[in-house]
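Please look through the sequence and the model shown here, and keep both in view while you read. The paragraphs that follow go from a single side chain to larger groups of residues.

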Amino acid sequence: MLKRNKLQIALAFSVVAFLLFGYVLVKPDRPDLPPYLSTSADRDGTKAVFTLLKEQGVSVKAWKQPWRSLPSGGRQKLIVIQPYAPLAAKEWEEIRTWVSEGNELVLFADAPTDLEAFPLTRTGQAESGPVAITDLTKQSSAGHSGKVASAYRLKEAPGLKPLLKDERGIIAGRAAVGQGSVTLLLVPEWMRNDSILEHSHFELIRPYLQTSPETGALWFDEYHHGLYEKPGLFAVYPGWLLAVLLQLALGALMWLWMKGVRFGPAYTPREWTVRRGDETLLAAAGWYERRGLAREALAHQARYIRGLMRERWGVRLDATVTQALAAAKPHLSKAELEQLAAVMRSWEAAEEAAGYSPKQFEKDSRMADGVIRRLERE
């Protein structure tokens, strides 16, 4: 029995050894995600709040684009938790414009950039233990407590509505901006997975995470946590327009199919092009020969060569022979330069001569062919 199963036992042992060996060498490790990410289940992440809102049926999504791309329209809420870098003045102008349309910004930051509507004051070192928190929006005297790690507090100012405070001052406030509002809470650590259920943290921040039936969408800002998502090409156009274009494209394809239009290139038979080219050249040459237009044919050839020199070297069409040879000298060898000079002198001789025979044209034309082939290779 043992001998018959020897191969199977050895194979099973090899597989187990391979798995153990691979587990020891390549032990899977949890990625070390940055803090305050809505997709992070680490202690310093905020996935607990994000998941809770989603399970409650809230239309919550992560925002991974600049604030200038936020969707227009009112009744939307953007939650920003402890940005990794100070927010620029241009970004504040963009978000103020968006909020003034009837939207809401909820910012959790322990040391935010100085904002006009939220003046700050430094109170010294942060408390290490929990302190009593007063909810200024409720009339109940129920006791709340929490840990406040920020060394800053909000100062009372016109237009600022205090929301939460401790023994050192205001830790949360709200200011109206146009038709919307901006809410600042100096306790971003209350949103973390490891502290949201401690003390009264969740009870105190829950009102600022809730949405009403009129709220269009709830966004968690991840752009200022280093996550960036480029909008796709189709994201620029509305869905109804894309659907119409798709139907039109399918209809056009079906119409072409029914008409039997052949897809692919159309090839011209070589015999037709070769024959046509030869016949055209012979006809043109015969016409010039019968009419005695050798001098005119030479003029066409001269204009073609001068055109090539203008394209290759920038020589003007009305340049003199001396100017043309000076411009061509850096590009041609000595023999090629002499050939070009001879060709151009033949043009001058033809213009000055009383007559110009077809035999002389054939001689000059053969000499010019070499110059043309050289210029066409340039």
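Predicted model: local features only at pLDDT ≥ 70, side-chain atom pairs only at ≥ 80, totals over all residues.

Residues are numbered from 1 along each chain as its sequence is written, and side-chain values use heavy atoms, with hydrogens and water left out.

Thr-137 lies in the loop between strand E5 and strand E6 (144–146), where helices (H or I, at least four residues) and strands (E, at least two) are DSSP runs, numbered from the N terminus. Thr-137 counts as partly exposed because its relative accessibility is 40%; buried means under 20% relative accessible area, exposed over 50%, and partly exposed in between, with a 1.4 Å probe and protein chains only. Not counting residues up to four places away in sequence, Thr-137 touches Leu-163 and Tyr-208, contact meaning heavy atoms within 4.5 Å. The C-alpha atoms of Thr-137 and Leu-164 are separated by 7.8 Å, although these residues are 27 residues apart along the chain.

Is Gln-76, by contrast, buried or exposed? Gln-76 is buried, because its relative accessible area is 9%, and this residue lies in strand E2. Its side chain reaches the backbone oxygen of Pro-71 at 3.1 Å, and a polar atom of the side chain of Gln-76 also lies 3.2 Å from the backbone oxygen of Gly-73. Leaving aside neighbours within four places in sequence, the residues in contact with Gln-76 include Trp-98, Asn-103, Thr-215 and Trp-219.

Tyr-36, in the loop between helix H1 (6–25) and helix H2 (47–55), has a positive phi of about 70° although it is not a glycine, and Tyr-36 counts as buried because its relative accessibility is 10%. Gln-82, in the loop between strand E2 (76–81) and helix H3 (89–100), has a positive phi near 45° and is likewise a residue other than glycine; at 17% relative accessibility, Gln-82 counts as buried.

In soluble globular proteins, nonpolar side chains tend to be buried together. A nonpolar core is a set of buried Ala, Val, Leu, Ile, Met, Phe, Trp, Tyr and Cys residues joined through side-chain atoms within 4.5 Å. The largest one here has 28 residues, of which Phe-108, Leu-164, Leu-185, Trp-190 and Phe-220 touch the most other members. Among the elements that each supply at least two residues of this core are H2, E2, strand E3 (104–108) and strand E5 (131–135), and the largest share, three residues, comes from H2. Leaving aside neighbours within four places in sequence, Leu-185 is in contact with residues including Phe-108, Leu-164, Ile-171 and Tyr-208. Apart from this core lies another, of 26 residues, among them Trp-98, Leu-107, Ala-109 and Leu-160.

Finally, the residues of helix H7 that meet helix H9 include Leu-298, Ala-302 and Ile-305, and those they meet in H9 include Leu-340, Val-343 and Trp-347.

Notes
Polar contact = N/O pair within 3.5 Å; in protein donor to acceptor, adjacent residues only side chain to side chain.
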